[in-house]
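Q: Could we go through this structure together, beginning with a loop and then turning to other parts?

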Amino acid sequence: MLYQDLPREKLVELRKELSAEYEEFRKAGLKLDMSRGKPGLEQLGIAHDILTDDSCVSPGGIDCRNYGNPDGLPELRELFSAVMRVPASNVLLGENSSLSLMYNCVMWAYIFGVGGCKPWSQCGNVKFLCPVPGYDRHFAITEEFGIEMINVAMDGSGPDMDTVEKLVSSDPSIKGIWCVPKYSNPSGVTYSDETVRRFAALRPAAKDFRIFWDNAYCVHELYPDDAVQLADLYGECVKNGTQDMPYIFFSTSKITYAGGGVAAVGASDSNIAELKRRTSIRTICTDKLNQLRHYDFIKASGGIENIMRKHAEHLRPRFEKVLEILDSELSGTGAACWTRPSGGYFISFETLPGCAKKVVASCKEVGVKLTPAGATYPYRRDPHDSNIRIAPSCPSIEELTVATRLLCLCTKLATVEALLSSN
Ligand code: PLP
């Protein structure tokens, strides 16, 4: 029965029962962390062969111990090109982190300008669109540069494109948008074909508007035989003559090693030429030995898809366990709703307005750490105080079971308290 329909005396009774259950959790002395989307221990074992590979010379004869090839190892660019859906000649390999490539792109646009335009630092109040809920580390970058962030609502097909089109075409101070187009962090939403087409057809008022297309989860299926297809943004942009709009980011952080993989950016000829020029000032070349180890490992594994099947074996039961508990504990109560992603790293959970902070604090008080409420919004301000990001990848199934039961309990308790105080 919906909690909203319960009479006051029932709610009081329920609060007593739930509080007693909560005290039992306190006695258990838990110490669990579900706050970040880190790969689990078993997943880190998948790429172990990378550590024992001592090859130095690439199939094309490049000695990876030496300077040279500032764009990165051609063989790995070719492999990445297929998943990034950008020609290999338009893929630039970075170091270990796609986030640092994103940071560089914002920083260089801020300091030097992009595409021959004025530096953002000289453009007055610069703005970015931020589909919400979204990824806290994206928002941290734009916040660091004092760029004003504007929330754009997400639905099951991606950001609200009517709003995106209206704002981008009318306001020249809007210079970018953060996007995680496949298995979005945290909602798990994949942008629909129409959304991607509308992105490619944008006519920004700012000549230096850039789409930050962070395709971090492009091959991260939970059900690989039923893979979700994301439309090809770069191809659509080429058709529209808007190929200078997107920066397409990718990394192997959740394919091989988190923070120990290889990152890449894909973009148009002129964007890549500009990024290469800037990169060449700060480094002679990237770490080709790591790139070669990655190339060898991916080849020996029979391709990225085969590696991702192993990750899915680890992740799928965890997602299913969390969803099973949410369904059995909360369905029909009206206390929360949640997403059911078929890939990526997160489940997005919505409490009643005004309850998320309370739920996260109650979980923390008895030893379960969740991503702080508000983190999925710019400036850590969730206007409804309702979104919580669930990250099921790292804990064991037993830990996840306990942590998710506690999350449900704290959600019920916060809901009952909110209803009692509003009556
Ligand atoms: N982008 C998204 C959407 C993420 O969720 C993450 C990590 O959780 C990253 C980027 C970080 O990627 P990298 O390790 O390549 O910096």
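Predicted model: local features only at pLDDT ≥ 70, side-chain atom pairs only at ≥ 80, totals over all residues.

Q: Is Tyr 379 buried, partly exposed or exposed?
A: Tyr 379 has a relative accessibility of 26%. Since buried requires a value under 20% and exposed a value over 50%, Tyr 379 counts as partly exposed.

Q: What is the phi of Tyr 379?
A: Its phi is near 60°, which is a positive value in a residue other than glycine.

Q: And what about Arg 380, where is that and what is its phi?
A: Arg 380 is also in the loop between β12 and β13. Its phi is positive too, at about 60°, although Arg 380 is not a glycine.

Q: Staying with the backbone, which bond joins Val 132 to Pro 133, cis or trans?
A: The peptide bond from Val 132 to Pro 133 is cis, and its omega is near 0°. Pro 133 belongs to the loop between β3 (127-132) and α6 (136-144).

Q: What about the bond between Asn 185 and Pro 186?
A: Asn 185 and Pro 186 are joined by a cis peptide bond with omega of about 10°. The loop that holds Pro 186 runs between β6 (174-179) and α8 (193-200).

Q: Changing topic: how many aromatic pairs are there?
A: The count comes to 16 aromatic pairs. One of them is formed by Trp 120 and Phe 128, with an edge-to-face arrangement, 5.8 Å centre to centre and 70° between the planes.

Q: Are Trp 120 and Phe 128 buried or exposed?
A: Trp 120 is buried, with a relative accessible area of 2%. Phe 128 is buried as well, at 0%.

Q: How are Phe 212 and Tyr 247 arranged as a pair?
A: Phe 212 and Tyr 247 form an edge-to-face aromatic pair, with 5.4 Å centre to centre and 80° between the planes.

Q: Which parts of the chain does that pair tie together?
A: Phe 212 lies in strand β7 (residues 210-214) and Tyr 247 in strand β8 (residues 246-251), so the pair ties together parts that are 35 residues apart in sequence. Both Phe 212 and Tyr 247 are buried.

Q: Which residues do ring pairs link into a cluster?
A: The cluster consists of Trp 120, Phe 128, Trp 178, Phe 212, Tyr 247 and Phe 249.

Q: On to the helices. How do α12 and α14 cross?
A: The axes of helix α12 (residues 304-330) and helix α14 (residues 397-422) come within 9 Å and cross at roughly 30°. Angles under 35 degrees count as roughly parallel, so α12 is roughly parallel to α14. Their crossing is right-handed.

Q: Which residues meet there?
A: From α12 the residues include Pro 317, Arg 318, Val 322, Ile 325 and Leu 330, and from α14 they include Ile 397, Leu 400, Thr 404, Leu 407 and Lys 412. By class, the contact of α12 with α14 has nine nonpolar, two polar and five charged residues.

Q: At what angle does α1 pack with α14?
A: Helix α1 (residues 8-27) and α14 pack at an angle of about 150°, and their axes are 9 Å apart. The crossing of α1 and α14 is left-handed.

Q: Which residues make that contact?
A: Among them are Leu 11, Leu 14, Leu 18, Tyr 22 and Phe 25 of α1, together with Val 402, Leu 406, Leu 409, Leu 413 and Val 416 of α14. The contact of α1 with α14 has 14 nonpolar, one polar and six charged residues.

Q: What about α5 and α10, how do those two cross?
A: The axes of helix α5 (residues 98-111) and helix α10 (residues 269-282) come within 11 Å and cross at roughly 100°. The two helices are therefore roughly perpendicular to each other.

Q: Which residues meet between α5 and α10?
A: Asn 104, Cys 105 and Trp 108 in α5 meet Leu 275, Arg 278, Thr 279 and Arg 282 in α10. These divide into three nonpolar, two polar and two charged residues.

Terms used. Residues numbered from 1 in each chain as written. Heavy atoms only, no water. Axes fitted to C-alpha atoms, helices over the stretch in contact; angles between N-to-C directions. Helix = DSSP H or I, 4+ residues; strand = E, 2+ residues; numbered from the N terminus. Parallel < 35°, antiparallel > 145°, perpendicular 65-115°, else oblique. Left-handed = near helix turned anticlockwise from the far one by under 90°. Contact = heavy atoms within 4.5 Å. Nonpolar A, V, L, I, M, F, W, Y, C, P; charged D, E, K, R; others polar. Phe/Tyr/Trp six-rings, centres within 6.5 Å; stacked < 30°, edge-to-face > 60°. Buried < 20%, exposed > 50% of the residue type's maximum accessible area, 1.4 Å probe, protein only.
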